[in-house]
Amino acid sequence: MKLNIALLAGDGIGPEVIDQAVKVSDAVAKKFNHEINWTPALTGAAAIDAVGEPYPEETHQVCTNADAVLFGAIGHPRFDNDPSAKVRPEQGLLKMRQKLGLFANVRPTFTFPSLIDKSPLKRERIEGTDLIILRELTGGVYFGERGRKDNGDTAFDTMTYQRFEIERLAKKGFEMAMKRGKKLCCVDKANVLEASRLWRETVQAMEKEYPEVDVTYEFVDAVAMRLIQWPKGYDVIITANLFGDILTDEASVISGSMGLMPSSSLGNNVSLYEPIHGSYPQAAGKDIANPLATILSAAMLFEDFGLKEEADAIRSVVNKSLAEGVVTEDLSEGEKSYKTSEVGDWLAANI
Ligand code: IPM
Ligand code: MN
C-alpha cells in the first residue's frame, strides 16, 4: 500500500516522539512492503514563530491532501503565563480539529502486562481493562459562545450541542460497541445541564436501531469515581468534549502513564493520530520523553487502513520493549533507562 502521511511534529517533545514513530513506521513499511511518503508541516508555537499563526492554511492543505495525519504535541509555556496572548498554540489544535471535521476522538484504555504492578491501582481492579472513551471533539464548551461582560469582570463559556453532533458521535459509539463488548455508556450531566438532556434524548432514540447493544446512562461525576474503581465495567463510553478531556487523563492512570496512551480522531475525510499527552516542555530537546504513545498512535493508523498485522507488529514490539526494560526514565524506576531515540532505534530494529 502507498500512504501519504502529513507529519505535524508541533511543540516541546513533539518532534522527538514523532521521529521515533517515523522510524518504527518506516521499519514496518519495509517489512510488509508498503511505501510511506511523509510530508512535514508546521503547527503550534513553531508555526506562530514562523508565520504568525498556529494552524496555517498551508498546513491545512498538506493535511487535506494526505491519507492521514500523524501529530505530535502542541503548547508552549511562553503562552501559558500570558493571559493577554492574542494567539495561543492550542488554538491551532482546536482549529485543526474543526477545519478537518474531526468530530470523534477515540481514546482506548488498556493495560500492559509488564506494567500492571507499577500502577497505583490494584492489579485485580485493572488487569484486563479494555475500554474506549469516544470523546466528541468539535463541539460543546470548547467551541460555544464565550466572552466577557461587565467591564471584563464576568466571563462566560457556553456548552452548546446540536442533535446531529450527538447523533454522529453516538452512531460511531454504537458501531464500535457492536464490534466489541456490545456495551455503550452515555456519560453526561443530565441532572443539571440542558445540553446533557439532549444527549440522553438523542441516544435513547437511537437505541432501537441497535437492539443488541446494552446502553446505560451515567453522570460524569459518578463515572470519574467508577472508572478507576472498576474500569472493567465499561466497554465504549460516549461523552461530550470537556468531559472526555478530563476522563481520558484520568483513565491513563489505569495503563500506567500518559506517555503510553494513543488516540485517533475521526471525521468524514482524513483522520488524525496523536498521543493523548501534551508537549511536556520541561523535557523538550533532552531526548528523555516516552515515545510509545505516538508509536502506538501510528499502530492505530495502520489498523484503520486495514493493516492489522502491521499494527500488531508494532504493539507486540512495544510490549517486548516494556517486558525487557528498554524504556525511558518515566518507566524505569531507578533501573537503567534509555533515551527517546534509543527506544525508537530498538523498536525499529526489532520490528
Ligand atoms: C487534549 C488536550 C487539548 C484539549 C488541549 C491541548 C487544547 O488536553 O488533546 O486532550 O483540551 O483537547
Ligand atoms: Mn486533554
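A salt bridge is taken here as a side-chain nitrogen of Lys or Arg within 4 Å of a carboxyl oxygen of Asp or Glu. The side chains of Arg123 and Glu127 meet this criterion, with an N to O distance of 2.7 Å. The structure is a predicted model, in which local features need pLDDT of at least 70 and side-chain atom pairs count only at pLDDT 80 or more, while totals for chains, interfaces and linings use all residues. Residues are numbered from 1 along each chain as its sequence is written, chains are lettered from A and ligands numbered from 1 in the order in which they are written, and side-chain values use heavy atoms, with hydrogens and water left out.

The chain contains 14 helices and 12 strands, defined as DSSP runs (helices H or I, at least four residues; strands E, at least two) and numbered from the N terminus. The C-alpha trace spans about 55 × 50 × 40 Å along its principal axes. For 351 residues, a compact globule would have a radius of gyration near 20 Å, and the value of 20 Å for the chain agrees with this; the radius is taken over C-alpha atoms, and the globule rule is 2.2 Å times the number of residues to the power 0.38. Of the 351 residues, 54% are buried, where buried means under 20% relative accessible area, exposed over 50%, and partly exposed in between (1.4 Å probe, protein chains only). The accessible surface, from the Shrake-Rupley method with a 1.4 Å probe, comes to about 15,500 Å², and carbon and sulfur atoms contribute 50% of that area. Among contacts (heavy atoms within 4.5 Å) with a separation of 6 or more, 74% are made by residues 24 or more positions apart.

Ten strands form an open sheet with mixed pairing, in the order S2-S1-S3-S12-S11-S4-S5-S10-S8-S9; two strands pair if DSSP finds at least two bridges between them. Strands S2 (35–40) and S9 (214–219) are at the edges and have a single partner strand each, so one side of each lacks a neighbour in the sheet. On average, neighbouring strands of this sheet are turned by 25 degrees against each other, direction ignored. Strands S11 (residues 262–266) and S12 (residues 271–275) run antiparallel and are joined by four bridges; Pro262 has Pro275 in S12 as its bridge partner.

Two helices lie across parts of this sheet. Helix H11 (residues 292–304) lies across S1, S2, S3, S4, S11 and S12, at about 45 degrees to S11. Axes are lines fitted to C-alpha atoms, for helices over the stretch in contact, and angles run from 0 to 180 degrees between N-to-C directions.

The count of salt bridges is 23. In one of them, Glu57 pairs with Lys99, the closest N and O atoms being 3.0 Å apart. Glu57 belongs to helix H3 (residues 57–65) and Lys99 to helix H5, so the pair ties together parts 42 residues apart in sequence. Glu57 is partly exposed at 41% relative accessibility, as is Lys99 at 39%. Glu90 forms a salt bridge with Arg88 at 3.5 Å between the closest N and O atoms; Glu90 is partly exposed at 26% and Arg88 at 25%. Glu303, Lys308, Asp312 and Arg315 are joined into one network by salt bridges that share partners.
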